[in-house]
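Here is a short report on a single chain. It starts with the overall numbers and then moves to particular parts.

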Amino acid sequence: MSFCKFCTAAFLLLLSLGSQGAPGGNTLPAGLQSVLEQRLHAAWRQALPSAQQEAAQWQVEFMAPRGAAATPCPATWDVDAISLQRLTRVSIPVRCEGQRGSVVAQLQVHAPAWSLRADTPAGHTLREGDLVQRPQQIAHRDELLAASELLGRQLKTDGKAGQRLEARHVLRPVAMRKGDKIEIRAQGDGVQVSVMGIATGSGKLGDTVTVRNARTGRPVKGKLIAPGVLLAAQQAPSGSAQIKAAES
């Protein structure tokens, strides 16, 4: 059974003591575990708000290798970038010389999440004094909100002391309407570009939407991170794909 622990303070992957295979005695082929760890490491950094990375930890157990993932690869393992939404279990497709397979990563994530300090009525506008961070087991990306995604927002319903706050608990302001000019930001490999786009529909802060590149007319998908600002979705480990999508 392969098992590793992600130390986000230094962004290191540490293998724990134990056997290096999957359950049932089927070890991962040479080199595959390293590639999977690299992809998960990049996905983890994308999924977790930067302010919460230092105190967060997770564990991953690789299991159930199927198809090409169960046999040695004479060439280089091909594993696409991973997008983490559910933080409990993810099936990762792998390829080797045209042959396809998959590996399941069983995740367990503990991270500081924002909770209510006291009972709070619906309609209350959240301020710093209303929030407290507590280490908790996290099952979904939506449970890991940055403070900026909560402060200044109104609670939809009455909240209880100690209640973990998620995106569904707060009202989100409209961040774009059809026809609005949208700043499209894309980044990767230390490079950031910004181009103008046009909204093809409406969206609230935090929504994943598609806008149109104003110069080329091409669609660009991303997340609304501020009113009138879209962060292009990452499509490749190096970040080059989303930069080209924004520029072209």
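## Overview

Of the 248 residues in the chain, 41% are buried; buried means under 20% relative accessible area, exposed over 50% and partly exposed in between, with a 1.4 Å probe and protein chains only. This is a predicted model, in which local features need pLDDT of at least 70, side-chain atom pairs count only at pLDDT 80 or more, and totals for chains, interfaces and linings use all residues. Residues are numbered from 1 along each chain as its sequence is written, and side-chain values use heavy atoms, with hydrogens and water left out.

The chain has two helices and 13 strands. These are DSSP runs numbered from the N terminus: helices are H or I with at least four residues, strands are E with at least two. The accessible surface is about 12,900 Å², and 49% of it belongs to carbon and sulfur atoms. Accessible areas come from the Shrake-Rupley method with a 1.4 Å probe; for residues, only the protein chains shown count as cover. Take the contacts between residues at least 6 apart in sequence: 56% of them join residues at least 24 apart. Contact means heavy atoms within 4.5 Å.

The structure holds one disulfide, defined as a pair of cysteine sulfur atoms within 2.5 Å. Cys 73 and Cys 96 form it, with their sulfur atoms 2.0 Å apart. The link is right-handed, with 90° about the S-S bond. Cys 73 sits in the loop between β3 (57-67) and β4 (89-96), and Cys 96 sits in β4, so the pair ties together parts 23 residues apart in sequence. Both cysteines are buried.

Arg 95 also lies in strand β4. Its side chain makes polar contacts with two aspartate side chains, Asp 78 and Asp 80. A polar contact is a pair of N or O atoms within 3.5 Å; within protein, one must be able to donate a hydrogen and the other to accept it, and residues adjacent in sequence count only if both atoms are side-chain atoms.

| Side-chain pair | Polar contact |
|---|---|
| Arg 95 and Asp 78 | 2.8 Å |
| Arg 95 and Asp 80 | 3.0 Å |

Leaving aside neighbours within four places in sequence, Arg 95 is in contact with residues including Thr 76, Trp 77 and Arg 100.

## Nonpolar cores

A nonpolar core is a set of buried Ala, Val, Leu, Ile, Met, Phe, Trp, Tyr and Cys residues joined through side-chain atoms within 4.5 Å. The largest has 32 residues; Leu 32, Leu 36, Leu 40, Phe 62, Leu 84, Ile 92 and Ala 105 touch the most other members. At least two residues of this core come from each of α1 (32-47), β3, β4 and β5 (99-116). The largest share, seven residues, is from α1. Beyond neighbours within four places in sequence, Ile 92 is in contact with residues including Leu 36, Leu 40, Val 79 and Ala 105. Another core, of 14 residues, lies apart; Ile 182, Val 193, Val 211 and Leu 224 are among them.

Two strands pair if DSSP finds at least two bridges between them. Strands β11 (208-213) and β12 run antiparallel, joined by five bridges. Thr 208 has Lys 223 in β12 as its bridge partner. Their hairpin has five residues between the strands, and Gly 217 in the turn has a positive phi of about 80°.

β12 (219-226) and β13 (229-232) also run antiparallel, with four bridges. Leu 224 stands opposite Leu 230 in β13. Two residues separate the strands of this hairpin, and Gly 228 takes a positive phi near 80°.
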